Amino acid sequence: MPSTGATVSVSADLLHLDFKLRRPGFKLEVDETLPLDGVTAVFGPSGSGKTTLLRAIAGLELPDEGCIRFGDAVWFDSEAGNVLATHRRNVAYVFQDVRLFSHLDVRGNLDFAARRAARAGRSPDFETAVEASGIGSLLERPAASLSGGESRRVALTRAILSCPDLLLLDEPLTGLDRAARRAILPYLRELPERSRCPVLYVSHDLEEVAALASQIVVIDSGQVAASGPVADVSRTLDLGPLSDAAGPASLVEARIQSVEEGGGLMRLTIGDVPVYLPAARDARSGETVRLFIDARDVAIALRPPGPVSIRNVLPAHVHRIVSKDISAEVLIDLEIGGAIIRAQITRAALEDLSLETGQAVHALMKSMRLAGDFR
């Protein structure tokens, strides 16, 4: 296929993907039109085709047939025989394994991207990008001396300084500990606004998705299982089994109703059901947030317990019993305030409580947190 010669740099509202890409033992088939606004998560288990999708968008792998359009710009069209070369798509790609120039210091890595953008007629703002990412103290450090978290911040800043039309992030938090992930998530969440370009964010971690994304594309075995706003998809599709995280969990949207002064509790509602959490530093009344709830932290009682240290004892109904005959543990979906929250209990507990679909119970939430807190 011929490669077009002009660099394409456009403002696009939509990314149209309609292609098939075959490899030995694997086929990726996509037919989606994605709104490009903020962070769009590409989510699914390892080996499902997430990275292959990003590589096809970037032009690093060519589909066997179909088309890829960014706004009005055609990046790939097998029928017309058009392929826009990778370096003409004005896409920035941050790989899982951070690829800094090890022979340069941090400033040298950033200058490389800024100079290339300037030669292409774009206007990188070096000082603003460095200040926003908090890497000013690292500029004279050799790239090889950086920690994992520092390397990722530098790689992200370098990508921003290239002034891309689309930023592709392939599991940028892989290998970071909880503290490093917690520190970098706010920066990632604000990247689209700071860099003035949309982000496609590959992850197999459900909590990362909940903390960052407004839209989600769920991929399983090379097929798109669902796409749309994260809140809508999480209500209609059980995302837990598609996550490579430690265990089953739930994502729930809640609204902050009030925040105690002095760092006490904040009162939220799931539907019309009140819940209480330690007040987050930047929490604001009226704000909608996402809660991450580990299924192992949800207990079930037939009636409200007596005095107990657990603050959140919520009225619920058994929505569904997910049972495996050979498993010692059972997953129970509970309906609470219109949301579905998953509990993991032992088979013995299921039998002792004689739980049935539709039964009124109480959920004891031993722990829940704002998505991305990673505590």
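Guide: Helices (H or I, at least four residues) and strands (E, at least two) are DSSP runs, numbered from the N terminus. This is a predicted model, where local features need pLDDT of at least 70 and side-chain atom pairs 80 or more, while totals for chains, interfaces and linings use all residues. Residues are numbered from 1 along each chain as its sequence is written, and side-chain values use heavy atoms, without hydrogens and water.

Visitor: Which elements each supply at least two residues of the lining of the second largest pocket?

Guide: A pocket is an open set of points on a 1 Å grid over the protein atoms alone, where a 1.4 Å probe fits, with protein on both sides within 12 Å along at least five of seven lines; lining residues have an atom within 4 Å of a point. The elements giving at least two each are β8 (91-94), α2 (106-119) and α4.

Visitor: Over to the largest pocket: which residues lie nearest its centre?

Guide: You've got 32 residues lining the largest pocket. At least two each come from α5, α7 (206-212), β15 (273-278), β16 (288-294) and β22 (369-370). Nearest the centre sit R189, A280, V289, L370 and A371.

Visitor: And how many residues of the lining of the largest pocket come from α5?

Guide: Helix α5 is on the list of elements that supply at least two residues there. Its share of the lining is the largest, at five residues.

Visitor: How many bridges join β18 to β21?

Guide: The two sit side by side in the strand order. Strand β18 covers residues 312-322, β21 covers 360-365, and they run antiparallel. The bridges joining them number six.

Visitor: Which residue is the bridge partner of N312 in β21?

Guide: N312 falls in β18, residues 312-322. Across in β21, its bridge partner is M365.

Key
Two strands pair if DSSP finds at least two bridges between them.
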